[in-house]
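Dear colleague,

Please find the sequence and structure below. My notes on what was found follow directly after.

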Amino acid sequence: MTEGNPQNRRTVLKAAGVGGTMSVAGCLNNAVNDDSTAKPADNQTESNGTSPAKSVDTDRVAADPTELPDPVDWNSPRHHEVEMTTLEQTAEIEPGVTFDYMTFDGRIPGPMVRVRQDDTVTVSLTNDESNAMPHNVDFHAVYGPGGGASASTVQPGETETFKFKAKYPGVFVYHCAVPNLDYHISSGMYGAILVEPKDGLPEVDRELYFGQHEIYTDSPAGEKGHHKFDFEAMKSEDPTYTCLNGEAYAITSDGYGPVNVDKGERIRIFHANGGPNLTSSWHAIGNVWETFYRDGAVASEPDHYVETAPVVPGSVAIAEIDTPVPEPIKLVDHALTRVAREGLLGIINVEGEPEPEIFDPDPA
Ligand SMILES: [Cu+2]
């Protein structure tokens with residue numbers, strides 16, 4: 001835990017310009033020079049003895065939001081073999097800030113598992129031999145002890161297996177559920193499983209898969225060096241970073257780049273909230289959830305034209321949006337401090353010709 005005045009935990013900050021047209025988030029560690037976003041007194045970096053940054057095991061933990069399985073195209077029950085490997089790896093939350101992550105298959109959120117209702121699934125969970133801790137996986141799509149957690153608890157260098165039948169449709173979180181499960185989830189161990197209803201989901205032009213979770217460290221956001229996990233901050237539910245896909249501002253031009261789409265596409269977005277603790281007030285700046293499945297409950301009728309929707313920890317929401325005008329759509333948690341100061345932002349960049357009948361930035 002950071003020593004000294006807790007008010008100083010996050011003195012290195014940058015506003016993300018969430019309301020502007022052009023501005024997107026920058027690295028939090030640039031904020032010390034950003035006079036427009038902080039009072040002078042707030043512009044002092046607390047020196048708390050953050051350790052030097054570690055060498056990284058991987059250049060990236062942020063999952064590519066365009067990588068998810070294709071829609072179900074089969075009409076009778078199938079069997080699936082799902083193999084996942086848990087990895088404990090040091091990587092950067094943002095440039096110059098390292099953290100000891102834990103992941104499924106080296107990415108956050110972990111890979112989406114996609115099946116059809118009444119399919120069967122054999123899950124083989126391998127705990128990489130380089131790891132130090134036991135891990136397991138609890139699928140919220142499973143009827144069974146711990147959602148498979150007890151059957152999949154696995155020591156480093158070993159593999160454990162269980163099988164289940166996906167009896168009910170929806171999209172659900174999976175996560176590590178060892179006794180320190182909040183620590184493991186906050187370090188990155190969560191993902192989503194989509195159980196499509198027997199009649200499938202409506203066709204869309206594109207699907208994207210994001211995950212939100214919060215990271216609790218012993219140093220202020222943006223302070224360069226190695227950030228150790230901070231159990232006291234977690235117990236206070238006071239995160240240092242709140243991330244989309246595991247890293248600060250990963251899916252923006254300051255990270256790995258936005259997702260580019262063509263004007264007119266209809267897009268389905270899966271938003272997994274791993275938590276472990278904070279509800280997301282999920283919102284798209286410059287757009288609206290045209291169709292919204294609360295908690296990913298696809299067997300229920302969706303809502304329409306929802307501006308901001310709660311996505312509680314341990315759930316995955318589904319939204320479908322239309323893209324009638326070119327613009328950067330900003331995916332945020334409308335608890336906007338998390339956007340301005342904790343790293344949470346993703347951009348969908350809609351490309352195409354202007355549509356002044358719908359939006360005219362400069363009317364005559
Ligand atoms: Cu774990």
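**Findings**

K263 has a relative accessibility of 25% and therefore counts as partly exposed; buried means under 20% relative accessible area, exposed over 50%, and partly exposed in between, with a 1.4 Å probe and protein chains only. Please note that this is a predicted model, in which local features need pLDDT of at least 70 and side-chain atom pairs count only at pLDDT 80 or more, while totals for chains, interfaces and linings use all residues. Residues are numbered from 1 along each chain as its sequence is written, and side-chain values use heavy atoms, with hydrogens and water left out.

**Salt bridges**

K263 forms a salt bridge with E355, with 2.5 Å between the closest N and O atoms (a side-chain nitrogen of Lys or Arg within 4 Å of a carboxyl oxygen of Asp or Glu). This pair links distant parts of the chain, 92 residues apart: K263 lies in the loop between strand 12 and strand 13, and E355 in the segment after strand 20 (346–351). E355 is partly exposed as well, with a relative accessible area of 29%.

The structure holds 15 salt bridges. Another of them joins the side chains of R206 and E265 at 2.8 Å, N to O. Here too distant parts of the chain are linked, since R206 belongs to strand 9 (residues 206–215) and E265 to the loop between strand 12 (259–262) and strand 13 (266–275), 59 residues apart. R206 is partly exposed at 25% relative accessibility, whereas E265 is buried, with a relative accessible area of 10%.

D295 forms a salt bridge with R294, the closest N and O atoms lying 2.7 Å apart; D295 is partly exposed at 30% relative accessibility. Salt bridges with shared partners also join R114, E196, E207, R266, R268, E290, E320 and D322 into one network.

**Copper site**

The copper ion is coordinated by H135 (ND1), C176 (SG), H184 (ND1) and M189 (SD) at 2.0 to 2.7 Å. Donors are N, O and S atoms within 2.8 Å of the metal (3.2 Å for Na, K and Ca); water is not among the atoms, so sites may look incomplete. Along the chain, the donors follow the spacing H-x40-C-x7-H-x4-M. H135 lies in the loop between strand 4 (120–127) and strand 5 (138–139) and H184 in helix 2 (residues 181–186), so this pair ties together parts that are 49 residues apart in sequence. Both H135 and H184 are buried.

The angles among the four donor atoms run from 83 to 137°, and the site is irregular. Four donors count as tetrahedral if all angles lie between 85 and 135 degrees; four count as square planar and six as octahedral if opposite donors are over 155 degrees apart and all others between 65 and 115; anything else is irregular.

**A buried aspartate**

D138 is found in strand 5. D138 is buried yet has no salt bridge, and the nearest side chain of opposite charge, K167, is 18 Å away (Lys and Arg count as positive and Asp and Glu as negative; His and the chain ends are not counted). Leaving aside residues up to four places away in sequence, D138 touches G146, G147, A149, V173, Y174, H175 and A177, a contact being heavy atoms within 4.5 Å.

**The chain as a whole**

The protein chain has four helices and 20 strands, taken as DSSP runs numbered from the N terminus (helices H or I, at least four residues; strands E, at least two). Of its 364 residues, 56% are buried.

With kind regards
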